Amino acid sequence: MDSSMGRSSVSLLVGLLVLRFNRCLAVDGGGGAFPLVVSTWPFREAVRAAWDVVSAGDGGGSAVDAVVAGCSACEVLRCDGTVGPGGSPDENGETTLDALIMNGATMEIGAVAAMRYVKDGIKAAKLVMEHSLHTLLVGEKATDFAISMGLPGPINLSSPESLEKWANWRQNHCQPNFWKNVAPAGSCGPYRPINLARASDSVKHEVEQNQGGVCQEWFQSDSLLEPINSHLKFIDHHNHDTISMAVIDKMGHIAVGTSTNGATFKIPGRVGDGPIPGSSSYGDDEVGACGASGDGDIMMRFLPCYQVVESMRRGMEPRDAAMDAISRIASKFPNFVGAVFAVNKKGVHAGACRGWTFQYSVRNSSMHDVEVITVYP
């Protein structure tokens, strides 16, 4: 009797653990239904645009061209205000673009970062890949290159919406922001570094003088002037939902791409994970691909998509590789917000996330339209 009850308890516990584990991951059991398009977030129109290219005709278009079509569609649609022009103003109110494309057959990569005055981020990245021996161009020189290669510009990338968002942020004393260990605290800059050994009391006093009780929630256990996960307060899927896309074409070739206008109210010149190979996306014909979205300043320190692909190379299933990559980051930064999808060369895909509910979109030849998979933290 006692033995039977013991076995039942163990079975129940195992069942609950399996249920909890499965809530963290979403997995497609099938594979091999090529071509295949996978994208972060429910960007259905972007996936449809990529699908139209890669599924066309008998041979279909190339994976690279499909990624460009899909990411370009998101740039035109300004997906959730975080892709393409017109969104995510920096501290000066300006919108800049980051983008990357990678050919998994040749391992060639092109990328642009902090690019000004050109609205076609993914096309500029493709031009870097196809017409230079470089991997990454940045800032105004990336702008000059893109325009010299035929892309339209210079164009003002701000919009009435982005400028209004920036003006409201300024009225809120430039809070929250990405600065730390600086003065003045709780107000707009210019900022100067502070002596950490003597900072706590003086910074608290300055905040109280400028903001009264508004910012008192920032301080916990006399933690100098670093807010409680301050930058996480404005990292969610409405202002940090990069499009990262992977495509497997009819020939089995893989390409990946990423496009974003970066973190809202970032310090001018900031480059996140979007144009960093192995961070926002990575792909290899021999293995599979990965796309990521989230707190790029944290995620780029771990190259999660490179980790996912290399884990699959060593034999991990996509769901295990995705969870492993997220767990590695969480072990060092337990409050980080982010997600990855993984897809192997057979077309089996999965997702894992931390700090938010993540969705990714899929279309393959067995589907009638784009399907959105939800992954719970």
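Predicted model: local features only at pLDDT ≥ 70, side-chain atom pairs only at ≥ 80, totals over all residues.
Local features need pLDDT of at least 70 and side-chain atom pairs count only at pLDDT 80 or more, while totals for chains, interfaces and linings use all residues. Residues are numbered from 1 along each chain as its sequence is written, and side-chain values use heavy atoms, without hydrogens and water.

Two packed helices are described by the angle between their axes and the distance between the axes. Helices (DSSP runs of H or I, at least four residues) and strands (runs of E, at least two) are numbered from the N terminus. Axes are lines fitted to C-alpha atoms, for helices over the stretch in contact, with angles from 0 to 180 degrees between N-to-C directions. Helix 2 (residues 44-54) and helix 3 (residues 63-77) have axes that come within 7 Å and cross at roughly 150°. Helix 2 is therefore roughly antiparallel to helix 3 (angles over 145 degrees). The contact (heavy atoms within 4.5 Å) involves Glu45, Ala46, Ala49, Ala50, Val53 and Val54 of helix 2. From helix 3 come Asp65, Ala66, Ala69, Gly70, Ala73, Cys74 and Leu77. By class, the contact of helix 2 with helix 3 has ten nonpolar, one polar and two charged residues. Here Ala, Val, Leu, Ile, Met, Phe, Trp, Tyr, Cys and Pro count as nonpolar, Asp, Glu, Lys and Arg as charged, and the others, Gly among them, as polar.

The whole structure holds three disulfides (pairs of cysteine sulfur atoms within 2.5 Å). Counted along the chain, the bonded cysteines follow the pattern 1-2, 3-4, 5-6. Cys74 is joined to Cys79, with an S to S distance of 2.1 Å. The torsion about this S-S bond is about -120°, so the disulfide of Cys74 and Cys79 is left-handed. Both Cys74 and Cys79 are buried (under 20% relative accessible area, with a 1.4 Å probe and protein chains only).

Cys174 bonds to Cys188, S to S 1.9 Å. Their link is right-handed, with 90° about the S-S bond. Both Cys174 and Cys188 are buried.

Cys290 and Cys305 form a disulfide with S to S 2.3 Å. Its torsion is about -60°, so the disulfide of Cys290 and Cys305 is left-handed. Cys290 lies in strand 11 (residues 288-294) and Cys305 in helix 9 (residues 304-313), so the pair ties together parts that are 15 residues apart in sequence. Cys290 and Cys305 are buried.

Cys71 is in no disulfide. Cys71 is buried, at 0% relative accessible area.

Key:
Parallel < 35°, antiparallel > 145°, perpendicular 65-115°, else oblique. Buried < 20%, exposed > 50% of the residue type's maximum accessible area, 1.4 Å probe, protein only.
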